[in-house]
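Hi,

Here is the model I promised to pass on to you. Have a look at it first, and my notes follow below.

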Amino acid sequence: MRGTPVVLGIESSCDETGAGLVQNGRLLGHAVASSMDEHARFGGVVPEIASRAHLHALNPVVRQVLDRAGLRMSDIGAVAVTTGPGLSGALQVGLAGAKGLAYALSVPLYGVHHLAGHVAADTLEHGPLPDPCVVLIVSGGHTSLLLVRDLARDPIVHLGDTLDDAAGECFDKVARVLGLPYPGGPAIDRAAREGDARAVAFPRPLTGPRDDPYGFSFSGLKTAAARWAERHRGQVLPVADGAASLQEAVADVLTRKALAACTAHGVGTLVVVGGVAANSRVRALAEERCTAAGITLRVPPSKLCTDNGAMIAAIGDLLVRAGAEPAPLDVSIDPSAPLEYAALHPVARKVAMKVS
């Protein structure tokens, strides 16, 4: 194929095996295989189960995305893969597969940061990101406010991060208390449709005048919800009201801080990404508050909010077009990598063996 190369993106950081194809900012196709059902009976992701699921799913998912795009393996011009953060075994499966494909096709390999992929996912729907923009990442393990300029070239500035439980973790843990299934986020969202968001006065953590203006803490909210449920022991628990009130508290804190960051930094665009960005109340309240403040809101479609290979291909495509250096042959994974740049090319430390 002519022009900029077709980039294959591979995502395997948690319980979704994703593959996507992007060329010059355009999504050509993506496919996802989830092992979520295998984890549901445990109430959370089991790393060994996730790793084995990736082993079985990776090659079929790559073949599926090529078929959907009407392309052949030889059409791939670069491979991008998540090298962190995430589950160690799961990341290793994706990286090994990506290395094999890049080597067999004689194309460059790019290691990318999972969260930068979430940010790049929005470009597949709305085009290039404004420079600058404020990005709110809300997922199962991360809640962060970022100031983003050129995603492929510039360092990513953290305005605030979660201090304990992220928003997605709060949903998962409270859902279990309420007797709702895993994953908790979608279950809370469904239950909340029948509830009253004003029924329970849950706290809004870190929103006081002396608190961290852009930091997040949802551990206290989780505890408050658990204690509220305990007070109904022996009674019928009003699950819908609890879910609606919890969802409102989370959406209120997220959007309040995000809008404050936009105002303080003179930024006219807010981008909301990550799995929790699929939550109906988070999206609605963000739209309502952005409209009132004259700020442009960008949120990817729900299918691109959760983990997927398209977002990894998107950031890989940006790196290719920016002329970024490919990953070295000995690129490794970093399961706890901080988000500093979109490219993530860690190299495993080599331990010298002393022979006595």
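**Notes on the helices**

In α2, Ser51, His54, Leu55, Leu58 and Val62 meet Gly89, Ala90, Val93, Gly97 and Leu101 of α3, where contact means heavy atoms within 4.5 Å. Sorted by class, this contact of α2 with α3 has six nonpolar, four polar and no charged residues; Ala, Val, Leu, Ile, Met, Phe, Trp, Tyr, Cys and Pro count as nonpolar, Asp, Glu, Lys and Arg as charged, and the others, Gly among them, as polar.

Before going on, some ground rules. This is a predicted model, in which local features need pLDDT of at least 70 and side-chain atom pairs count only at pLDDT 80 or more, while totals for chains, interfaces and linings use all residues. Residues are numbered from 1 along each chain as its sequence is written, and side-chain values use heavy atoms, with hydrogens and water left out. Helices (H or I, at least four residues) and strands (E, at least two) are DSSP runs, numbered from the N terminus.

Back to the pair: the axes of α2 (residues 47–69) and α3 (residues 88–105) come within 9 Å and cross at roughly 30°. The axes are lines fitted to C-alpha atoms, for helices over the stretch in contact, and angles run from 0 to 180 degrees between N-to-C directions. The two helices are therefore roughly parallel to each other (angles under 35 degrees; over 145 is roughly antiparallel, 65 to 115 roughly perpendicular and the rest oblique).

Serine 51 lies in α2 and, at 12% relative accessibility, counts as buried (under 20% relative accessible area; exposed is over 50%, partly exposed in between, with a 1.4 Å probe and protein chains only). Leaving aside neighbours within four places in sequence, serine 51 is in contact with Gly89, Ala90 and Val93.

Next, α6 (residues 167–177): its buried residues are Ala167, Gly168, Cys170, Phe171, Val174 and Ala175. Down the helix axis they fall within an arc of 155°, so they line one face of α6; the arc is that of the directions from the helix axis to the C-beta atoms. Their cover includes β7 (143–148), α7 (184–192), α8 (219–230) and α9 (239–264). Just after α6, glycine 179 takes a positive phi of about 80°.

Finally, methionine 311 in α11 (residues 309–321) is buried, with a relative accessible area of 0%. Not counting residues up to four places away in sequence, methionine 311 touches Glu11, His114, Gly117, His118, Ala120, Ala121 and Thr306. The C-alpha atoms of methionine 311 and alanine 19 are separated by 9.1 Å, although these residues are 292 apart along the chain.

Best wishes
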